[in-house]
Amino acid sequence: MRGLGIEPYAYSWNRTHKATQLQEKYADLPAGGVADSDEDRVSVAGRIFARRAFGKLAFLGIRDDSASIQLYCDKAKLESFTQLKSTVDIGDIVGATGTLKRTEKGELSVYVDNLVILTKSILPLPEKWHGLTDIEKRYRQRYLDMIMNPEVAGVFRARAKVVSVIRRFVEDLGFLEIETPILQGAAGGADARPFITHHNSLERDLFLRIATELHLKRMLVGGFERVYELGRIFRNEGISTRHNPEFTSIEIYQAYADYNDMMALAEELVTKCAEAIFGNAKLLYQGTDISLERPWKRASMQSLVQEATGIDFSAFGSDLSAAKSAALSALSPRKDESLQTVIANCATVGNVLNEVFEAVVEKTLIQPTFVTNHPVEVSPLAKAHRSFPGLVERFELYICGRELANAFSELTDPIEQVHRGESAVKQHKNDSYEVTLDEDFLTALEYGMPPTAGMGIGIDRLVMLLTDSPSIRDVIAFPVLKSQQ
Amino acid sequence: MEELDPTQYYNNRLASLASLPTSPYSQMFRVSMTFDHYREKFKGLSNGERLAETTVSLAGRVMSKRASGSKLVFYSLESAEGTIQAVSDARSLVGGNFAAVHANIKRGDVVGVSGNPGMSNRGELSIFVKEIILLAPCLYMLPKGGKNRDEQATWRPGKPRNPNAYVLKEQETRYRLRFLDIIVNPEVKFVLETAHSAVNYIRSFLDQRGFREVETAILNSKAGGAAARPFNTHHDASEMDMSLRIAPELQLKQLLVAGYNGVYEVDKQFRNEGMDLTHNPEFTTCEFYSAYSDYHDLMTMTEELLSGLVKKITGGYTVSYHSNGYDSPPVEIDFTPPFRRIEMVNGLEDTMGIELPKDLASEEANEFLKKTCEARGVYCAPPLTTSRLLDKLVGHYLEETCVNPAFIIDHPLIMSPLAKQHRSKPGLTERFELFVNKHELVNAYTELNNPVEQRDRFVQQLKDRQGGDDEAMVLDEDFVKAMEYGLPPCAGWGMGIDRLVMLLTDSLNIKEVLLCPAMKPPEAVPPPNEKGTPQA
């Protein structure tokens, strides 16, 4: 091309309209009609995805980030027609100016009088992209995935919309966005293995945060009454359809509120996102109809487990062996040895209840369900239940068998927090990673945190739900790849 | 009688807590309105008037407590919206022994108050207490405040301030126990809110212009898009070494290949480097990429964005900034557009009175620059690449003149591996950096979109890397391959958000604007010091 005096990498292009704008503006232009006054001179740009060339006519289909439109290239009107016919290919990015016409077949087109190659693509677009069996390749070349499948670009458009709706929703309620550190001296606020890195000049190891909870709660101590953070979380765990080592959550904290307030907030927030994408509160996920009509079902963990297995965990008191044997016999039909081992190793009745719940009940919760009043042993940061000893004021929101949100009335008592922390550390003694008590967080509680409710929502999982995506890696633009090459 | 020994105070409070029939921590309290709403609703009351039929619930932290005789106590309650006085007299208190109730409430405690709105005899809007509930005790003594706290809280972004004059001024304590900083120093709340306002403005500005917010990966198999040392980590399950990103550029450009016409990301970047007044290993940037635009378009956008942002947040175009330290008067930095433009090479030549070699990539140019730096006393740490030498000279001779926002433009190609070569000036690129108060705030360019040339430039960077410059850019094959599918002509832009917030909040140290800046690990927590705050 350079030999012909054509620069294959242009500097800029003065575009006047996107394809969608033209499609809307000229929606009434009939087949065979033209709009060729001075006001109808437009300038568009995009990537060529279709090309049909005849003797003196060529049709190029281009796509920009809004929609597609056709370029009608007539040798009579376009001076560089012959040259362009031999240099322009599918995959190239071009700019075109001209007026508008609609072909006999009804295709709105730009009647081109100037066509410029803005970027010559060196590699041809692949012919087959659908049904690509190598998923890793789709993720490694995500840009190709988006070029070849407009639906993929649609997923990310929906994601941006969801994030924007959520931000506006919480900001309208007066929540202030806070940025807490990703690199920390200790990783707390959740039960997960952290990533470790090393800071050269401070000569210390640092951890990537596994939650934003402990720093956001400090802000409540500081006096901010409504705070949130929408940001990246890191867990050094395996990759699956539900897990990417880095993912996005929003955590919200509100003073003088409790977990019931957070349930109402969750219902509203999810419904608003669904309405923004679909226009209503019903959606289809992997073939199942999901109704977001409020109020959503609320049921305690104990009652759900009792319903599913017949076991009444509230009757065991602290009789651990009775709880274990009841659980083991209820689960024996599964013949799942590793599960049997986990149950056998549980340190408390609360832990057994939690394991049985996860094994038997979780996946059955398809319609939106708030699972409430967890045992204290699995909820070190949650406030003791005002009415039920041994339980806490907590809920987890399940939709389609997946946890979408986790919330509680927050524990504000520093002495109780130390006891809970110590038990958590004891429980993790056999794990290869350290669970540490964050001393500065305890100091903050000693200065006094108002009664507070907090909630965390997995943004990726929410987007999966709203875009009918089966895997979390479908909603993350650049997911972690399983291998470097 | 207030105990003065901090450890004794702490232990006494713990003991008195244990003796209460119900733990204050188990309480729940609902407020009926915010402080702002309360002020708005009841501001019309006259002195001495009290609405006996209306009950309102408010909550906040007790910042002062004053008893007047044995039947009257005054509290100043503070929330995120300032202070309201709570007046408790023995007649109005419902249930409980007056003395016992108030004995348990100390300065620093979080309390809930239910009572009647009213105006004190002196004309201070108050709440007349019927019930007061301890919600969370403060086990430590708060440092004594200075003047009236509401007076101190009149600072707003753009105005000068002096953190060295704060009631709590030890930096270690302020940053490590940031909540205490916010409680005790009334201006800090507004400083931290400024970041929020700035980012909101930027998001809104870009959303309105059709840009889409995206999230690119923080964990990558390599760290590219800038020149810096990365943090490394290890993913156990797949046994992979990974790096934390130093910039989101390469992935954002891939999204332009994918078909997006405008993308942006406001999020954290990580550079495994030393800390100083303007550098924290973890910092926030905004980067955006616009298809079919060039750097001229972006210079105009920068002027619009920054001047608009400053106007929105401060009410005007100038900010006061103590560039010469808090002991000297502040300078005024003026964001009125348009901003001055300085062509880098011409600028250096004019200021230094020299002529730079035409071919900056040559050996001769390198020799010339080494000699020039030596002759002028400008120090450059090895490796003495032309790029680094030029950078030092620009810092010394050009950046120093940029107090008001000024663009330094048309950087040489050797300094800009990802920028497009200038359309009319050989050896230079279409790049600009915006300097404010002598520090870089924005870096932007028309993007190189020729993959063949991009690969060549990466190879050159590799040579620099082998020559000892471990900040030289890393070759990213995935990125080059993406370019082979066609990156539209585009321009990209990056701004340091923390540095912007520093300028808006008269902060000389980046730690001032970060919620939890990187710090050395604390020693084992010693007992509270004389002032009642735990030592750093």
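Student: Which backbone nitrogen does the side chain of A:Asp64 reach?
Tutor: This is a predicted model, where local features need pLDDT of at least 70, side-chain atom pairs count only at pLDDT 80 or more, and totals for chains, interfaces and linings use all residues. Residues are numbered from 1 along each chain as written, chains are lettered from A in written order, and side-chain values use heavy atoms, without hydrogens and water. A:Asp64 sits in the loop between β3 (57–63) and β4 (68–74) of chain A. At 2.8 Å, its side chain reaches the backbone nitrogen of A:Ala19.

Student: Which side chain of opposite charge is nearest to A:Asp64?
Tutor: A:Asp64 is buried, meaning under 20% relative accessible area (1.4 Å probe, protein chains only). A:Asp64 has no salt bridge; that term requires a side-chain nitrogen of Lys or Arg within 4 Å of a carboxyl oxygen of Asp or Glu. The nearest side chain of opposite charge is 4.1 Å away, and belongs to A:Arg15.

Student: Which residues of chain B does A:Asp64 touch?
Tutor: Contact means heavy atoms within 4.5 Å. Residues up to four places away in sequence are not counted. In chain A, the partners include A:Lys18 and A:Ala45. In chain B, they are B:Gly259 and B:Asn261.

Student: What area is buried between chain A and chain B?
Tutor: Here 100 residues of chain A are in contact with 111 residues of chain B. Buried area is the accessible area (1.4 Å probe) that two parts lose on being put together, summed over both. Carbon and sulfur atoms give 58% of a total of about 8600 Å².

Student: How many salt bridges are counted between chain A and chain B?
Tutor: B:Arg30 forms a salt bridge with A:Asp258, with the closest N and O atoms 3.5 Å apart. Between chain A and chain B, the count is eleven.

Terms used
Helices (H or I, at least four residues) and strands (E, at least two) are DSSP runs, numbered from the N terminus. Buried means under 20% relative accessible area, exposed over 50%, partly exposed in between (1.4 Å probe, protein chains only). Lys and Arg count as positive and Asp and Glu as negative; His and the chain ends are not counted. A polar contact is a pair of N or O atoms within 3.5 Å; within protein, one must be able to donate a hydrogen and the other to accept it, and residues adjacent in sequence count only if both atoms are side-chain atoms.
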